[in-house]
Amino acid sequence: MMVRAPRIRSDSLADLFVMTSATRSRTLVVDVEPLILDWSEPDAVFPSRAMAFVDLVDTESPSIHRIVFASNSHRILPPVADRHAGRVTVVTKAGKPWRLDHVAGLPRPVTVIGDQPGTDGVLAWRLGGRFHQWVHRGAQPWWPRLQLLLSAAFAPLIFRPLTRGVG
Ligand SMILES: [Mg+2]
C-alpha cells in the first residue's frame, strides 16, 4: 500500500507555518515561481524577495534550519546575502520531481511548498514530507495551468488531504 503524502491547498502562508510548526519541519523547499517571483519577473528581483521570505520563515517557523529555493526553470538567479550562507540553497534546473541530490542530505522532516502537484508535490511525496499546494490567485501562463489540469488525475492517488497543519 502506497503511503500518500499529506497535502494542504491554500493561498495563505499562515497555513504553511501552521503545518511546518506542527510537524517541526527542519527543511523547507520553496518553489521559486510563483512563491518568490512571478513568471514574468526578472531574475534580479530574486535576492531581496528570497531574503524577505527567509526572514519571514525565521520569525514564523524557527524549527526550519534549511531553505531550498528550487526552480525547474533555466533562470540565472543571483545568490542571496551572505548572512544566510550555509542555510539557504538556490537551485535552478532543479529537475523536480526527479532529482533528489540537492535535498538528499538535508534534515527531516521536509515540507515542500509550490503550485504544482506533479513536480513540487511528487518531490514532497518522494521525500516522505508534506506538501503545501500553493493556490495562485493572479494570472498564470498557460503551461502551469495545463500542468495543474493534468495533475488532477493522479493527485488523489498520492496525496491525502489535511484540513489543518497536523494529522
Ligand atoms: Mg511553480
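Please keep in mind that the model is predicted.

Start with the overall picture. The protein has six helices and seven strands. Along the sequence, the pattern reads β-α-β-α-α-β-β-β-α-β-α-α-β. The radius of gyration is 15 Å, close to the 15 Å that the globule rule gives for 167 residues, so the protein is as compact as a globular protein of that length. Along the principal axes, the C-alpha atoms fill a box of roughly 45 × 35 × 30 Å. Of the 167 residues, 39% count as buried. Now take the contacts between residues at least 6 apart in sequence. Among those, 69% join residues at least 24 apart.

In what order do the seven strands stand? The order is 4-3-2-5-6-1-7, in an open sheet with parallel pairing. Strand 4, residues 88–91, and strand 7, residues 159–161, are at the edges. Each has a single partner strand, so one side of each is left without a neighbour in the sheet. From one strand to the next, the twist averages 25°. As a reminder, strands of a sheet pair through backbone hydrogen bonds, either parallel or antiparallel.

Helix 1, residues 13–22, lies across strands 1, 2, 5 and 6. Helix 1 runs at about 180° to strand 6. Helix 3, residues 46–60, lies across strands 2, 3 and 4. Its angle to strand 3 is about 145°.

Now zoom in on strand 5. Is strand 5 largely enclosed or left open? Five of its five residues, 110–114, are buried, so strand 5 is largely enclosed by the rest of the structure. Look at which way they point. Val 110, Val 112 and Gly 114 go one way, while Thr 111 and Ile 113 go the other. Both sets are buried.

What about the neighbours of strand 5? Strand 2, residues 27–31, runs parallel to strand 5 and is joined to it by four bridges. There, Leu 28 stands opposite Thr 111. Strand 6, residues 130–134, also pairs with strand 5 in the parallel sense, over four bridges. Ile 113 stands opposite His 132 of strand 6. Gly 114 has Gln 133 as its bridge partner in strand 6.

How does the chain get from strand 5 to strand 6? Through helix 4, residues 117–126, in a right-handed β-α-β unit. Eight of the ten residues of helix 4 are buried, so this helix is largely enclosed by the rest of the structure. Among the buried ones are Pro 117, Val 122, Leu 123 and Trp 125. After helix 4 comes Gly 128, with a positive phi near 65°.

Last stop: Arg 108. Where is Arg 108 found? In the loop between strand 4 and strand 5. Arg 108 is partly exposed, with 13 other C-beta atoms within 10 Å. Leaving out residues up to four places away in sequence, Arg 108 touches Arg 26 and Thr 27. One distance to note: Arg 108 and Ser 61 are 47 residues apart in sequence, and 15 Å apart in space, C-alpha to C-alpha.

To recap: a seven-stranded open sheet with parallel pairing, a largely enclosed strand 5, and a right-handed unit made by strand 5, helix 4 and strand 6. Thank you.

Definitions and conventions: Residues are numbered from 1 along each chain as its sequence is written. This is a predicted model: local features need pLDDT of at least 70, side-chain atom pairs count only at pLDDT 80 or more; totals for chains, interfaces and linings use all residues. A residue is buried if 20 or more other C-beta atoms lie within 10 Å of its own, exposed if 12 or fewer, and partly exposed in between; C-beta atoms are placed from the backbone. Helices (H or I, at least four residues) and strands (E, at least two) are DSSP runs, numbered from the N terminus. Two strands pair if DSSP finds at least two bridges between them. A crossover is right-handed if, with the strands pointing away from the viewer, the path from the first strand over the helix to the second runs clockwise. The radius of gyration is taken over C-alpha atoms; the globule rule is 2.2 Å times the number of residues to the power 0.38. Two residues are in contact if their C-beta atoms, placed from the backbone, lie within 7 Å. Axes are lines fitted to C-alpha atoms, for helices over the stretch in contact, and angles run from 0 to 180 degrees between N-to-C directions.
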